[in-house]
Amino acid sequence: MDRIPEFPIHPVSIKLIRAGHPWVTPDTFSNRFPRQAEFVIALDERKRALALLLHDPGHRNIKARVWSTKFPFDREVQHFTAGLQARIDQAFEKREPLRKSRERENYYLVFGEADQLPGLFILRLGDRVLIQFYTSFWNRYKSTILTTLAEVYPEIKEEHTWIQLRGETKELQKLPVNLVDPNRRDEFHLQEFGIQYHIRLGSSYDHGIYTDMSSIRSQLRSVVAPGQRVLNLFCYTGAFSLWALKQGAEKVVSVDLSPKYMEWLQQNLGLNDDLDHKRHESLVMSSDEALGLLKSRGEAFDVIICDPPSSSSDGDKRTSAIKTYRDLLRRMDLVLRRSGKLVIFLNTHQVTSQKFDRVIQDSLGELELSYKLHKRLGLDEDCPTLRGFPEGSYLKGLVLEKQ
Ligand SMILES: C[S@@+](CC[C@H](N)C(=O)[O-])C[C@H]1O[C@@H](n2cnc3c(N)ncnc32)[C@H](O)[C@@H]1O
């Protein structure tokens, strides 16, 4: 075995790794890692071995990810495949209760860093599996990952297995590719909390339902009561809308700018005969426009769900969701009944949940609106988070009750 290169890392990275953070970002230290090195041993300020890193020289933001802080690192590398299999097995084992409960066919089997599998995510989507690489490091271990998967879930067919490269930058944002036929497009249905959803693989970056939101839908069961009126802003393919109808909502209004997603929502509704379609209304327009329209119609809601994209562009400038919340809060308040609930989300690792709380509280104060914090929402169940790693807790939500 070749000697694993050892390199000092930035003092800030040393501190972060000691606190449990699993990433090394590009800097004058990490830029010296040899391009061809698969693994790098990070050295601390006294040149002692600190961590074994998985190297990703081509990644723009994350140069390397911590695999282990337990010595001896050369043995870890020698037995890397076995270690990888063991960690995947462990992650699968954790999801057994979910598989057995059959409440949802939409969950993560592996959730990256929090499962000690940095940059590796595996989703179970009905009888399909979607493997997501957030680092191209895993390309070399594709066959180990696939073999481990096949051993534990022999029922998953090869043609139902998909692999996707994902990330924040354009060069990492690829479509899912089918293992057997790279040109395949797949359409099928899956069930979540008794609701059927239409899923597409191979034709779009996202598959039609946000799997990380699934545990949140479960956490929200007590928020929507039968007979209530629900507004779902930025609704995408309508998962929250169908879920609200299933809870017995009297009326659900769904709003999204995208005609494609709104058609997808209609298709989802069409799969669920037990839901009363007459209680649902689609508005294909911006949330701002919809809030204005609903206000002018004199409509009022008991629950408003608001999950904007982390940032949006009007062609000239990018605006982050956190900046638009003040205005959204003002407009939502105008159509929310007294004692009604706002369920608001922020989907970015760039803002911590503390900061999100603060910005919302400050905005409410400036607008002189009185709301009480009812519940905090975040990744849960199949989507664990890691202490010392705020980037992993990218999804945060608040349920606020109007006073
Ligand atoms: C993060 S997704 C919402 C996911 C959804 N809450 C779910 O769990 O399925 C954001 C959605 O906002 C839509 N969108 C973006 N800008 C919008 C705007 N100004 N008004 C309404 N919808 C918008 C996008 O088309 C996309 O479907």
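**Salt bridges up close**

Guide: Start with Arg 166 and Asp 206, which form a salt bridge with their closest N and O atoms 3.0 Å apart. This pair links distant parts of the chain, 40 residues apart. Arg 166 sits in the loop between strand S9 (161-165) and strand S10 (177-178). Asp 206 sits in the loop between strand S12 (195-201) and helix H6 (214-219). Here, a salt bridge is a side-chain nitrogen of Lys or Arg within 4 Å of a carboxyl oxygen of Asp or Glu. Helices (H or I, at least four residues) and strands (E, at least two) are DSSP runs, numbered from the N terminus.

Some ground rules come next. The model is predicted: local features need pLDDT of at least 70 and side-chain atom pairs pLDDT 80 or more, while totals for chains, interfaces and linings use all residues. Residues are numbered from 1 along each chain as its sequence is written, and side-chain values use heavy atoms, leaving out hydrogens and water.

Are the two partners buried or exposed? Arg 166 counts as buried at 11% relative accessibility. Asp 206 counts as buried too, at 19%. The cut-offs are these: buried is under 20% relative accessible area, exposed is over 50%, and partly exposed is in between (1.4 Å probe, protein chains only).

How many salt bridges does the structure hold? The count is 33. Let us visit a few.

Glu 366 and Arg 326 meet through their side chains, at 2.7 Å from N to O. Glu 366 belongs to helix H11 (residues 353-366) and Arg 326 to helix H10 (residues 321-334), so their bridge ties together parts 40 residues apart in sequence. Arg 326 is partly exposed, at 38% relative accessibility.

Helix H10 also holds Asp 333. The side chain of Asp 333 forms a salt bridge with that of Lys 402, 3.2 Å from N to O. Lys 402 lies in strand S21 (residues 395-402) and Asp 333 in helix H10, so this pair joins parts that are 69 residues apart in sequence. Both ends are buried: Asp 333 at 12% relative accessibility, Lys 402 at 14%. Shared partners also build a network of salt bridges, joining Arg 229, Lys 251, Glu 281, Arg 297 and Glu 299.

Stay with Asp 333 for a moment. Not counting residues up to four places away in sequence, Asp 333 touches Leu 369, Tyr 371 and Lys 402. Contact means heavy atoms within 4.5 Å. Asp 333 and Tyr 371 are 38 residues apart in sequence, yet 9.9 Å apart in space, C-alpha to C-alpha.

Now step out to the domains. The assignment gives domain 1 (6-78), domain 2 (88-192) and domain 3 (210-402). These bounds come from an automatic or database domain assignment. The centres of domain 1 and domain 2, taken over C-alpha atoms, are 26 Å apart. At their interface, 13 residues of domain 1 are in contact with 15 residues of domain 2. About 1100 Å² is buried between them, and carbon and sulfur atoms give 54% of that area. On the domain 1 side, Glu 38, Arg 65 and Trp 67 lose the most area to domain 2, together 39% of what that side buries. Buried area is the accessible area (1.4 Å probe) that two parts lose on being put together, summed over both.

How many salt bridges cross the interface of domain 1 and domain 2? The rule finds three. Elsewhere in the list of pairs, Arg 140 and Glu 38 meet in a salt bridge, 3.4 Å from N to O. The interface of domain 1 and domain 2 also has eight residue pairs in polar contact, both residues at pLDDT 80 or more. Two elements give two or more residues to the domain 1 side: strand S4 (49-55) and strand S5 (64-68). S5 gives the largest share of that side, three residues. A polar contact is a pair of N or O atoms within 3.5 Å; within protein, one must be able to donate a hydrogen and the other to accept it, and residues adjacent in sequence count only if both atoms are side-chain atoms.

One last stop is the loop between S4 and S5, the place of His 59. His 59 is buried, with a relative accessible area of 9%. The His 59 side chain reaches the backbone nitrogen of Asn 61 at 3.1 Å. Leaving aside neighbours within four places in sequence, His 59 is in contact with Arg 65, Tyr 134 and Leu 172.
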